[in-house]
Amino acid sequence: MKSSEIRERYLAFFEGKGCKRMPSSSLIPDDPSMLLTSAGMVQFKPYFLQQKQLEKPFIGTTTVQKCLRTTDIENIGVTGRHLSFFEMLGNFSFGDYFKQEMCAWAYEFCTEVLEFDPERLRFTVYLDDDETEEIWMSLGIPREHITRLGAEDNFWTAGPTGPCGPSSELYYDQGPEFGCGRPDCAPGCDCDRFLEFWNCVFTQYDRQEDGTLVPLPKKNIDTGMGLERTAALIQGVSSNYETDILRGLIAVGERLSGKGYGVDAQTDLSLRILADHSRAITFMIADGILPSNEGRGYVLRRLLRRAMRHGQLIGIEPPFLNHYLSAVIVEMGPIYPELLESQSLIARVMVAEEERFAQTLRQGQTFLDHALSRLADGGVLDGKIAFELHDRYGFPIDLTVEIAAEQGFSVDRPGFDVHMEEQRKRARSHVKDEAWNTYGGVFNDILNETGATTFIGYDHYQTEATVLALIVDGQRVNGIEEGTQAQVVLDRTPFYGEMGGQVGDTGDITSKNGAVFSVADTRVYEGSVFAHVGTIEGALNLGDQVEARIDSLRRERIQRNHTATHLLHLVLRQVLGEHVKQAGSLVAPDRLRFDFTHFEQISSEQLQRIEQMVNDLIMEDGDVSSYETSLDEARQSGVTALFGEKYGENVRVLKAGDDSRELCGGTHVSHTGQIGLIKILSESSVGANLRRIEAITSFDALRYVNHIENELRNTASNLKASLFTVAERVENLLARLHELEGELKREKRASLSDDVTMLSESAIDVGYPLVVARIDGLNVEDLRNVWDVLRTQLGEGCAAVLGSESSEGTPLLLAAGTAAAVQAGFDAGALIKLISPMIKGGGGGKPTMAQAGGKDASGLDGALERARQAASH
């Protein structure tokens, strides 16, 4: 049975029991406390917390969740069990079915669908969970096949307090040949005989601060079955890497390297790491994670660079990861459509990162090898060197640790961590403190008590509403008085809350008694609670009836910019390629900023074409409309999903003109012609593989064009030229200026020649002719020209030390000598090093020529005299 069949059988089985089949959520979790999605239940936290309700007649949900864990990256590839990316089969109940049904269905699925031998199945329960043991026994499971384990193995908790409950795990007996030989060997033993493949958590208690377990009013089910581990059992192989999907990826490495799997242990390790990491890399990029030196991007870069190194170890020449990408998409693309949607982007990111790392890998390896060669056997590499490898060569610390371990050395991790933390402190020194984000718990309570805010701002700019909550300094209050800064939550609102790059609305909330709350911003908490941020004039209380009115002119400017970003996104993909994905945006009233994936600077010709094409779409005055549909249907119809964005089951599609269709919850114009005009201001890089366009629209664009026209008219007037001959006129003037500058240099050089003749006559004999002189008004190039003339006039064996206060007031020094003078004892570099402190400067060079600049021109004469004395001795 292939992995794809196991996956489908699981989903179909629980769908048949009344569970709703739902897609995997992104590897980027909604929970800001989590770096990456590592379990199937993550997307269902709002359901477990009763913030969301599952529609009837469904009694639960079932998913196959893509997960990623890298806490034990050093074990990936070493053991047959550890993976970075894996799929977790799961089914969940939020107060409907519980233990009896779950245990019965688990046994049914294992014995009848997967066709496991019941005699091979083993079960664990929590120490005092008699209920679950009795349920298993009622299904015909012998007591001797049930093991009781402690809280570490069979009791799940969310923290010191809160939801918790016992769990029951299902194991498969692989046979005594996999075991430790002890007569008491059973599930929980460290040997490989009993392999755990399914964990069923029964969340039934609320733990209090005193440790008391209070039964929850609604009991939940949270299960997880590892697809790769289950496939290994069904397919009769001893390692996750020998299952069909991963073995297919190992075959890619065999083909590229020309080496077989199962022949050499070190080669096998590299082939397993490549198979695992390539799959993880593919899914991470598809979900919007790009390589960087922080957070999720750093995890991705670690995996990329570890994979690249192991490819190099077995003789695979980069770039090669695109071969793995193709294999992953063939096998898993039909299940995860985001892989197909992002295929070109994934390929470009892989190639760009491989090329970038290839430039430093060889240098870094040489640096590390040299450092290790200086250590005694079993020595410890200094943490500072490990940090330098990370900082200069891009070596993730675990890669340094791995290479060192291969040669019998260890790394000073604490020392490395000290240097890393110092770097992070420097980076954090100017980070803005976002105080409002500390109020999540308050808004969670509001959501549970009053429900989501009804947003009516797509069609209305004002509404009657009721005050549901008032928050001051993170605390809920019953009323606010004159001058108080607060957040106001209404039952309904026309104010758009900051989301998806679009800034929040501003405006006024006016009560029946005349109080006015001036809204400076609108934000959204817990996904659906709109908080109006501002200051009160008068007094406002809970339950007050108010009129909420947005600043409509400001909103209309925002809407023009937002629809323009959609048209810009469409055109960028048409001009630059399908790899372009939106990676961030700012939609404000006065400008728009659009970040996107691309791998090189956009040429001026391309930028002009992009701007013209967007304006063409604006002038077509196409209809702008929206509709709601399911995420699956939207994807199947080719709607653009934004890079790295997380969506619910139902989505809003924004259609602008004939060709632009994106998932978007923002506000927009009704026709593209209402945008008026777009003018691109700049295009720049904002990180590896990321570009940024900044633009303005409508009246802002018109004002900008008018300003440019006025500047052009003034310039044309000053040049006595017509508007459209200004460029030609300036080119001619610059050419004439260049010509005159050349003539001036030639005259200056001729004048210098006469002056230098006088300098030559002032040369002193210090064993060779030496000129020490000050000639003000010269730059470094002029001083070099003086030396050239001196050398011609004095002949071989001469030297000079020259000083000048430039026209900008900067003191300059130049020392130069011929090879013969150097042989006679002259050293320009040493002289400059000696005298440059006297002008509060520094410099250097070779014995034949050196120079310095400084800050104190008053020290020039003393410096030259010091040089004269030094050269004379």
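Modeller: A residue is called buried under 20% relative accessible area, exposed over 50%, and partly exposed in between (1.4 Å probe, protein chains only). This is a predicted model, in which local features need pLDDT of at least 70 and side-chain atom pairs count only at pLDDT 80 or more, while totals for chains, interfaces and linings use all residues. Residues are numbered from 1 along each chain as its sequence is written, and side-chain values use heavy atoms, with hydrogens and water left out.

Colleague: How many aromatic pairs does a search of the whole structure find?

Modeller: Rings of Phe, Tyr and Trp (its six-membered ring) pair if their centres lie within 6.5 Å; planes under 30 degrees apart count as stacked, over 60 as edge-to-face and the rest as tilted. With that rule, the search of the whole structure gives 32 aromatic pairs.

Colleague: Are the rings of Phe85 and Phe283 stacked or edge-to-face?

Modeller: A pair of aromatic rings is described by the distance of the centres and the angle of the planes. For Phe85 and Phe283 the centres are 4.3 Å apart and the planes lie at 20°, so the pair is stacked.

Colleague: How many residues apart in sequence are the parts that this pair ties together?

Modeller: Both Phe85 and Phe283 are buried. Helices (H or I, at least four residues) and strands (E, at least two) are DSSP runs, numbered from the N terminus. Phe85 belongs to strand β3 (residues 85-94) and Phe283 to helix α8 (residues 265-286), so the parts tied together are apart in sequence by 198 residues.

Colleague: Is Ser698 buried or exposed?

Modeller: Ser698 is found in helix α20 (residues 698-719). Its phi is near 55°, a positive value in a residue other than glycine. The relative accessibility of Ser698 is 11%, so Ser698 counts as buried.

Colleague: And is Glu115 buried or exposed?

Modeller: Glu115 also has a positive phi, near 60°, in a residue other than glycine. Its place is in the loop between α3 (99-113) and β4 (121-126). Because its relative accessible area is 61%, Glu115 is exposed.

Colleague: Which residue does a cis peptide bond join to Lys56?

Modeller: The omega of this bond is about 15°. The residue in question lies in the loop between α2 (45-48) and β2 (60-68). The partner of Lys56 is Pro57.

Colleague: What is the omega of the peptide bond from Pro318 to Pro319?

Modeller: Pro319 is found in the loop between α9 (295-313) and α10 (321-332). The bond from Pro318 to Pro319 is cis, with omega near -5°.
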